[in-house]
Amino acid sequence: MKKKKLKTLPKIILILLIIIVIALCIIPSKKEENKNNNQEVKEEKNKYEKISYYKKENKERYIAYEKENPTLTLEQIITYVNIGLDNPYYTNTKPADNLNTNLLLVNKYNYLTEDYVPSNLENISTTYARSGMQLVKEAKEAFETLSENAKKDGMNVIAMSSYRSYDYQVNLYNNYVAQDGKEAADKYSARPGYSEHQTGLAVDVYNLDLPYTSFEETEEFTWMQENAYKYGFILRFPKDKVDITGYQYESWHYRYVGKKVAKEIKDNNLTLEEYIAKKVEN
Ligand SMILES: [Zn+2]
């Protein structure tokens, strides 16, 4: 009887030891698992922050916009919300930043005040424009060089509309509204203060033969597609970017941004809105 008890005790100790060893192995790996789970939750929460142009103050808007647009990439969500596209046009508007610079952004979320007149406005030579056309000095010089070089290639790229004052846009917009109604007018014309033409950096061109609205059909348009960026101009309202710019496609409307930015925008197929939301604002 005594002998048997003595034999059982080491067995019990051995079993206890095995249980302790197993427990010691399992507990840390469980801990590790929990840690990983927590990390995943945190990563899900902060996935927007991985994008360099993420803005903390827009976080709730990213989440809401992603829910509404589940097919968009993370980059698109951040870019579009930064542009303001999660709000209807002409809502959540603010005065434009970067006044009197080449990166002045004026669109349906960023406006110029009634009294904003760009500094350094100059007349474009009538060799390259209808009379009385003005642009900001740097843009004017670039446009004249562009038009001159187009001429050397046998093309006419002529400015038919450029700087437009706030008051001019008031009349223009009101006439369009009277003619087509507000909803239609908003698709092709800017409300006063929201026109890029008030920046002195935008120009509408034609080729002297066809009305500017037919510019796409001309060989001058093809020339502009290949060359405008070399002079610092971009096609401002491209066909495939209507939802971003808020404007229907305009083959005739070009915007001066400077050579470096124009090349980057062209190479990456961006709009000015996307360029600024991705590159400038962070
Ligand atoms: Zn225009």
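**Notebook: burial, cores and salt bridges**

I began with burial: of the 282 residues in the protein, 43% are buried, where buried means under 20% relative accessible area, exposed over 50% and partly exposed in between (1.4 Å probe, protein chains only). I note that the model is predicted, that local features need pLDDT of at least 70 and side-chain atom pairs pLDDT 80 or more, and that totals for chains, interfaces and linings use all residues. Residues are numbered from 1 along each chain as its sequence is written, and side-chain values use heavy atoms, with hydrogens and water left out.

**Overall make-up.** I counted ten helices and eight strands; these are DSSP runs (helices H or I, at least four residues; strands E, at least two), numbered from the N terminus. For contacts, defined as heavy atoms within 4.5 Å, I took the pairs at least 6 apart in sequence and found that 60% join residues at least 24 apart. The protein exposes about 16,300 Å², of which carbon and sulfur atoms supply 53%; accessible areas come from the Shrake-Rupley method with a 1.4 Å probe, and for residues only the protein chains shown count as cover.

**Nonpolar cores.** I looked up the cores next, each being a set of buried Ala, Val, Leu, Ile, Met, Phe, Trp, Tyr and Cys residues joined through side-chain atoms within 4.5 Å. The largest has 33 residues, and Phe143, Phe233 and Tyr254 have the most contacts inside it. At least two residues of this core come from each of strand S4 (134-136), helix H4 (137-152), strand S6 (202-206), helix H7 (219-227) and strand S8 (250-256). H4 gives the most, with five residues. Beyond its neighbours within four places in sequence, Phe143 is in contact with residues including Ile124, Tyr128, Val157, Val205 and Phe233. I also recorded a second, separate core of 15 residues, among them Ile51, Ile77, Val81 and Ala277.

**Helix H4.** I checked the length of H4: its 16 residues should span 22 Å at 1.5 Å a residue, and its end C-alpha atoms are 23 Å apart, which agrees. The expected span is 1.5 Å times one less than the number of residues. Among the buried residues of H4 I listed Lys140, Phe143, Glu144 and Ser147. Gly154 follows H4 and has a positive phi, near 80 degrees.

**Salt bridges.** I found 15 salt bridges in the structure, each a side-chain nitrogen of Lys or Arg within 4 Å of a carboxyl oxygen of Asp or Glu. Asp204 and Arg164 meet at 3.7 Å, N to O. Asp204 lies in strand S6 and Arg164 in the loop between strand S5 (158-161) and helix H5 (166-180), 40 residues apart. Both Asp204 and Arg164 are buried.

Glu196 and Arg255 form a salt bridge at 2.9 Å, N to O. I placed Glu196 in the loop between helix H6 (182-188) and S6, and Arg255 in strand S8, 59 residues apart. Glu196 is buried at 4% relative accessibility, and Arg255 is buried at 0%. A network of salt bridges links Glu196, Arg236, Arg255 and Glu273.

I also noted Asp97 with Lys94, their closest N and O atoms being 3.7 Å apart. Asp97 is partly exposed, at 44% relative accessible area, and Lys94 is partly exposed, at 36%.

**Surface patch.** Last, I looked at Ile12, Ile15, Leu16 and Ile19, which form a nonpolar patch with about 380 Å² of accessible area together. Patches are made of residues with over 30% relative accessible area and no salt bridge, like charges being joined within 9 Å and nonpolar side chains (Val, Leu, Ile, Met, Phe, Trp, Tyr) within 5 Å. Ile15 lies in helix H1 (residues 2-46).
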